[in-house]
Amino acid sequence: MSDSLIIEKIDLFKVPPRWLFLKITTKDGIIGWGEPVVEGKASTVEACVKEMEKYLIGKSAKNIEDIWQVFYRGGFYRGGPVLMSAISGIDQALWDIKGKALDIPVHELLGGAVRHQMKMYCWIGGDNPDVVLEQAHEKMKMGFKAVKMNATGGMDWISSMKEVKTVSNNIKLLREEFGYDLDVGLDFHGRIHKGMVKRLIDELAPFEPLFIEEPVLSENNEALKHIYNYTSIPIATGERMFSRWDFKPLFEQGTVDIIQPDLSHAGGISEVRRIATMAEAYDVTLAPHCPLGPISLASALHVDFVSANAIIQENSIGIHYNQGFDLLDYVLNPEVFDLEDGHIKLFDKPGLGVAINEEKLIEGAKIGHDWSNPIWRGKDGNFNEW
């Protein structure tokens, strides 16, 4: 590769429904795309990327690891959602550029694929039993063989048995309708406090979910040691963890079965690949979190393709957040995300393999967004986790 890979320009597009896209252009006109965003903090991450611009312009896009190290270690204060999400999007774009420059897919640069397809799942609305069956049928018609739903809505620190008994009804409906032809993951979403988790597991266990996600908030991961030995249901967590250093104590504690780093939050392709290999050493599987756009999803899939311990991949096609604009609306080659028997085939295009529709991005950027998650309160007015 020549010095024509010198980074010349960066552009940012804050687009609906709640995304931020990054375009990095090199001296010879090669373009790399990234998705640096925290849901609800897009403008904050945008400002962080702009602060990093002075360290990018004039540097060679081929030096991905050196740029990553400078961004992570060069600012004295390290980690956290904003910094790591900014690094993530830049890292994705640099891998995209390098793959395009060499005319090979990113997964080839990462060592080559260990699989020819990746199993996928999508979200359905588990807070509301009225839509569970309808949305599950819709996802199966789209080709999915697995779904994930929220286990509960907002809950008190200790909830009544009446509330507890309603929780299992949704997965019960799915089991009765689909049997074991549909895998169902349950996302506790950190909404449940430690005192309620075992009781909820008692209600849910008879319906054999694929996994339980975030049974407690990541800041309470020490509580997993009280939960892990209580159930045979695989425990998943990690979407609110941002580096290998965040995951290290979780691995050492030995109380997780599935880790879910987000390719737009946990340091991009470079760092999530490292987290995946750390997990493999502890016999822990990988299922990257991805409720975001096409670049984040493509980045996750490239890591999945090269990670022996990757088991399933989340995606946001048709998710309820995507009002007005959906994941495929910004893509010129949406066929790369086509499902076949619940799987996406190995990518064969250079770089990330996703052709971005820049005209659609410009249109979306004129609209912009100010997305934030809802604030929930219980009947007594106390704050509930969303």
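Student: Which residues have the most contacts inside the largest nonpolar core?
Tutor: This is a predicted model, and its largest nonpolar core has 112 residues. Helix α3 (residues 81–102) gives the largest share of that core, 9 residues. The residues with the most contacts inside the core are Ile 24, Ile 259, Leu 301 and Phe 337.

Student: What does Ile 24 touch, not counting residues up to four places away in sequence?
Tutor: Contact here means heavy atoms within 4.5 Å. Ile 24 touches Ile 7, Lys 9, Ile 10, Ile 30, Ile 31, Gly 32, Leu 56, Ile 90, Ala 93, Leu 94 and Ile 97.

Student: How many residues are in the second, separate core?
Tutor: Tyr 121, Ala 146, Phe 211 and Ile 258 are included in that second core. Its residue count is 7.

Student: How do α3 and α11 sit relative to each other, parallel or perpendicular?
Tutor: Ser 88, Asp 91, Gln 92 and Trp 95 of α3 make the contact with Gly 268, Ile 269 and Ser 270 of α11. The axes of these two helices are 6 Å apart and the packing angle is about 100°. Angles of 65 to 115 degrees count as roughly perpendicular, therefore α3 and α11 are roughly perpendicular.

Student: And α2 with α11, at what angle do they pack?
Tutor: On the α2 side (residues 64–73), Ile 64, Glu 65 and Trp 68 meet Ser 270, Glu 271 and Arg 274 in α11. The axes of α2 and α11 are 10 Å apart, and the angle is about 90°. That makes the two helices roughly perpendicular.

Student: Which residues do salt bridges with shared partners join into one network?
Tutor: The whole structure has 18 salt bridges. Some share partners, and one network built that way joins Glu 65, Arg 244, Glu 271 and Arg 274.

Student: How many residues apart in sequence are the parts tied together by Glu 358 and Lys 23?
Tutor: The closest N and O atoms of Glu 358 and Lys 23 are 2.8 Å apart, and the two form a salt bridge. Glu 358 is partly exposed at 24% relative accessible area, while Lys 23 counts as buried at 11%. Glu 358 lies in helix α13 and Lys 23 in strand β2, so the pair ties together parts whose separation in sequence is 335 residues.

Student: By about how much of a helix are Lys 100 and Asp 96 separated?
Tutor: These two form a salt bridge, with closest N and O atoms 3.1 Å apart. Lys 100 is partly exposed at 28%, whereas Asp 96 is buried at 0%. They are 4 residues apart in helix α3, so the separation is about one helical turn.

Student: Which helices does the Lys 165 and Glu 203 pair link?
Tutor: Lys 165 forms a salt bridge with Glu 203, with closest N and O atoms 3.0 Å apart. Glu 203 is buried, with a relative accessible area of 16%. The partners are 38 residues apart, and the helices are α6 for Lys 165 and α8 for Glu 203.

Student: Arg 175 is buried yet has no salt bridge; how far away is the nearest side chain of opposite charge?
Tutor: Arg 175 is in helix α7. Beyond its neighbours within four places in sequence, Arg 175 is in contact with Tyr 180, Leu 182, Val 184, Phe 207 and Glu 208. A salt bridge needs a side-chain nitrogen within 4 Å of a carboxyl oxygen. The nearest oppositely charged side chain is Glu 208, and its distance is 5.3 Å.

Conventions. Residues numbered from 1 in each chain as written. Predicted model: local features only at pLDDT ≥ 70, side-chain atom pairs only at ≥ 80, totals over all residues. Heavy atoms only, no water. Buried < 20%, exposed > 50% of the residue type's maximum accessible area, 1.4 Å probe, protein only. Lys, Arg positive; Asp, Glu negative; His and termini not counted. Core = buried A, V, L, I, M, F, W, Y, C linked by side-chain atoms within 4.5 Å. Axes fitted to C-alpha atoms, helices over the stretch in contact; angles between N-to-C directions. Parallel < 35°, antiparallel > 145°, perpendicular 65-115°, else oblique.
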